[in-house]
Protein chains: 2
Amino acid sequence: MNERILQLLSGDAKDLAQLRGEIVTEKSIDIALLFEKTNKEESLRLFRLLPKNMSADIFALISADIQQSIVEGLTDNEISLITNELFVDDLVDFIEELPPIVVTRVLNSVDVDKRLIVNEILRYPKDSAGSVMTTEFIQLPDNHTVRQAMYDIRETGMDKETIYTCYVVDPDSRLIGQVNADTLIHADPHQLIIEVMDGNVLSVSTSDDREVVVGLFSRYGLIAVPVVDNEGLLVGIVTIDDVMHIIDEETTEDFEKMAALNPSDDPYFKTGVFKQARNRIGWLMLLMLSDTINGSVIASYENSLAVLPILVAFIPMLMGAGGNASAQASTVIIRGLALDEITFKDLAKVIWKEVRVGLACGFTLGLANFIRIFLMNGRDAVLSLVVTSSLLLGIVFAKTLGCLLPIGAKKLRLDPAVMAAPILTTIVDFATLIIYFLVAKLVYHI
Amino acid sequence: MNERILQLLSGDAKDLAQLRGEIVTEKSIDIALLFEKTNKEESLRLFRLLPKNMSADIFALISADIQQSIVEGLTDNEISLITNELFVDDLVDFIEELPPIVVTRVLNSVDVDKRLIVNEILRYPKDSAGSVMTTEFIQLPDNHTVRQAMYDIRETGMDKETIYTCYVVDPDSRLIGQVNADTLIHADPHQLIIEVMDGNVLSVSTSDDREVVVGLFSRYGLIAVPVVDNEGLLVGIVTIDDVMHIIDEETTEDFEKMAALNPSDDPYFKTGVFKQARNRIGWLMLLMLSDTINGSVIASYENSLAVLPILVAFIPMLMGAGGNASAQASTVIIRGLALDEITFKDLAKVIWKEVRVGLACGFTLGLANFIRIFLMNGRDAVLSLVVTSSLLLGIVFAKTLGCLLPIGAKKLRLDPAVMAAPILTTIVDFATLIIYFLVAKLVYHI
């Protein structure tokens, strides 16, 4: 449909009227994605065509750079209409990405009450629960009746992000419970909220990391979680749609760290070539310099290699096997740590398991390797044994280090994902080479 | 609290009474996790202690092996109480993991109506929308009034997985719309459902892959999605809590494939050493054999290396840099494909971008490399240039292949995650060695 819509967009008044009619039947996100294909002028025209009741919803879903280009073209009055319709968390996301020079103009367009709240949220540290929460939630006083509560929800519910879970506060605005919409629907209208609420309510603090929030959602299957400040006062909620975005971002971050990339929030095509290169060069440089140490190991055994040059031919296989074995172990462990299946006190158990897995893999691979070398290198049992035993030792070492480093990183409050294949491979390569040359020197006395 | 509870569990009647009192204040999932620490006898005692209204909820959250051991100890009557309380999707999950011999006993415990539904769902292919859906949802006839609908919800809502979204069907049970609880609460009680419903409803088919379901939830921020059969009849819903589990499983699967592991659903500590080893050996073996080809490349240039043995010392650095550069590119691309940011028709654009990123990384690393070799290897500019130009070419090749393979895999309907670091590294190592030796031969005529 995209091309036809872009065509209508550059048409006459009749085309535009038809376009407006079609937009109403589309989902907000689908229209938001249309904006990605438009140029600056078209995006402004398309935005002004949106029905009033959809424009804020759609605006919240447009990517930051296009939001900015639209706002630059709008009048102060038009900006004010959007910003006052946006949910607080979406408004904060939008403002956070704006260049400083536009921030004042946008903030001035917001009604004073909402502006105070936005400024408050902007002060919370990045990635804290406070910075991702929204303030549109339903708060019920504990001494109201179910009937009063239902009336309140009917009156104000439309402006709230979720009415499915309502939060109950005492007269000091302290969070003391929660009540679901279905409980209210089923309850006797004359009962007090404090009688029907669930007093066993989970909450997070404004300063908690957003990973703590995600952990709670996953563990307890929540749709929303209340956020309280240092004094236990209810200040906001985080909803499942935001949590799903956070999960996507955190997963991407883990993938990036595990591939020696600097984490970046920007989508692939929105990141320029030099930014992409910058995100990659740091680690490449560090790893390249570490790998030169492995070169020096080889160079330092130059005399041994001169005596038995065939030894060089097995280096790629030994280094490859060690690298792959450590990548497997570290990935299993990093994922287990992320899903809370593994903790630091399991360290000994994990190492013992990985040593045995390493032995099982090492013996199987070793056997295949021994046979291959024996048959293809003039039935030289000694050479086959030297390579095979180095392979076995290298794999066991790789598996052990592959579980030790991520768990150790977690203990030191570092992100275990950093201790993944790239850094591990470099260390394991080093160890494999040393093992190989030591075994060779021992056997051949070279 | 765990240890104290286990202590109370082996105590006298008074201890058990106290324990029962404490359990009531805990969240279901926290009690379910307690079972992981118990032996067979304790788990049975703990389960019988649970309040009736919590036992099915908690049972659904216990891991499969412990579910089985509990069921083995229960009477037919007790089993029947649980299975008839469980939501259909949880019951299906439970039955799917049971050994065949127990399945009949469990199925016989289920009321006949529910058993028919369970048998139906068990027939859907693994990982299809049909296999993960539940049948406890609210279905409203389009010709009922809002008042009638609210009455229905009050009467039956407690047994449904979600009352927040209700699905509207025509007289033939065909899905024609949806209506949210908040709309019903705000609507005039005399209006017809067909007047207040949203007719623009998203749905999935029973045969759709669960990844399609996850995609819809992510894109549209859903809480539940209806499932229809081939004739458009509404047969079930999938809810967000199940989708979050699916996301965890799919992400784990991607991580595993990218580290050359056979995907496995089992948590780390529930997988025995030999199963773990089996999941890892296949790929290790394949990659080891491929790496021996790289060994043959080195062996085939043995004469050149004999002339200039210092060349060997740079092999680990060159192979390492190529491997890391390709891992970065493939990870960025695989993640972009998973999040639908990149599609096959972007191929040329992606390659062009990666070539430039590769050149930028290659030149920066090359410069550092040139200076280091020049200074540390007797100011030998020719040697420095040979290594550096091989490095540059290797990195550009690695970046290009790192985007080409995952996108190509996707086009061939393979999982792009398989084309990640391990397989790529082996190919890139091969190419890097060839490039290196060709450049060296060209320059040194050896």
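This is a predicted model: local features need pLDDT of at least 70, side-chain atom pairs count only at pLDDT 80 or more; totals for chains, interfaces and linings use all residues.
Two strands count as paired if DSSP finds at least two bridges between them. Strands are DSSP runs of E with at least two residues, and helices are runs of H or I with at least four, both numbered from the N terminus.

Residues are numbered from 1 along each chain as its sequence is written, chains are lettered from A and ligands numbered from 1 in the order in which they are written, and side-chain values use heavy atoms, with hydrogens and water left out.

In chain B, strand β2 (residues 165–169) runs antiparallel to strand β3 (residues 175–180), and 5 bridges join them. Which residue of β3(B) is the bridge partner of T165(B)? That partner is N180(B). The hairpin has 5 residues between its strands, and S173(B) takes a positive phi near 70°.

In chain A, β2 (residues 165–169) and β3 (residues 175–180) are also antiparallel, joined by 5 bridges. Here C166(A) has V179(A) as its bridge partner in β3(A). Between β2(A) and β3(A) there are 5 residues, and S173(A) in the turn has a positive phi of about 70°.

As background, most residues other than glycine have a negative phi. D127(B), which is not a glycine, has a positive phi near 70°. This residue lies in the loop between α10 (112–122) and α11 of chain B. For accessibility, buried means under 20% relative accessible area, exposed over 50%, and partly exposed in between, with a 1.4 Å probe and protein chains only. D127(B) is therefore partly exposed, at 25% relative accessibility.

The other residue is R413(B), whose phi is positive and near 60°. R413(B) is found in the loop between α21 (381–411) and α22 (421–444) of chain B. Is R413(B) buried or exposed? With a relative accessible area of 80%, R413(B) is exposed.

G130(B) belongs to helix α11 (residues 129–132) of chain B. Its relative accessible area is 0%, so G130(B) counts as buried. G130(B) and I153(B) are 23 residues apart in sequence, and their C-alpha atoms are 24 Å apart in space.

I return to strands for one further sheet. In chain B, 3 strands form an open sheet in the order β4-β5-β6, with mixed pairing. Its edge strands are β4 (204–205) and β6 (234–239) of chain B, each of which pairs on one side only. Strand β5 (residues 224–228) of chain B pairs with β6(B) in the antiparallel sense over 5 bridges. Within that pairing, V227(B) has G236(B) as its bridge partner in β6(B).

Next, the aromatic rings. Rings of Phe, Tyr and Trp (its six-membered ring) pair if their centres lie within 6.5 Å; planes under 30 degrees apart count as stacked, over 60 as edge-to-face and the rest as tilted. By this rule there are 13 aromatic pairs over all chains. One of them joins F59(A) and F94(A) edge-to-face, at 5.0 Å centre to centre and 85° between the planes. This pair links distant parts of the chain, since F59(A) is in helix α5 (residues 52–61) and F94(A) is in helix α8 (residues 88–97) of chain A, 35 residues apart. F59(A) is buried at 1% relative accessibility, and F94(A) is buried with a relative accessible area of 1%. Y436(B) and F437(B) form a tilted pair, 5.6 Å centre to centre and 35° between the planes. Both Y436(B) and F437(B) are buried. F59(A) and F94(A) also belong to one aromatic cluster with F35(A) and F47(A).

A charge sits over a ring if NZ of Lys or CZ of Arg is within 6 Å of the ring centre and within 35 degrees of the ring normal. In chain A, the charged end of K411(A) sits over the ring of F344(A), 4.5 Å from its centre. In chain B, the charged end of K411(B) sits over the ring of F344(B), 4.5 Å from its centre.

That concludes my presentation.
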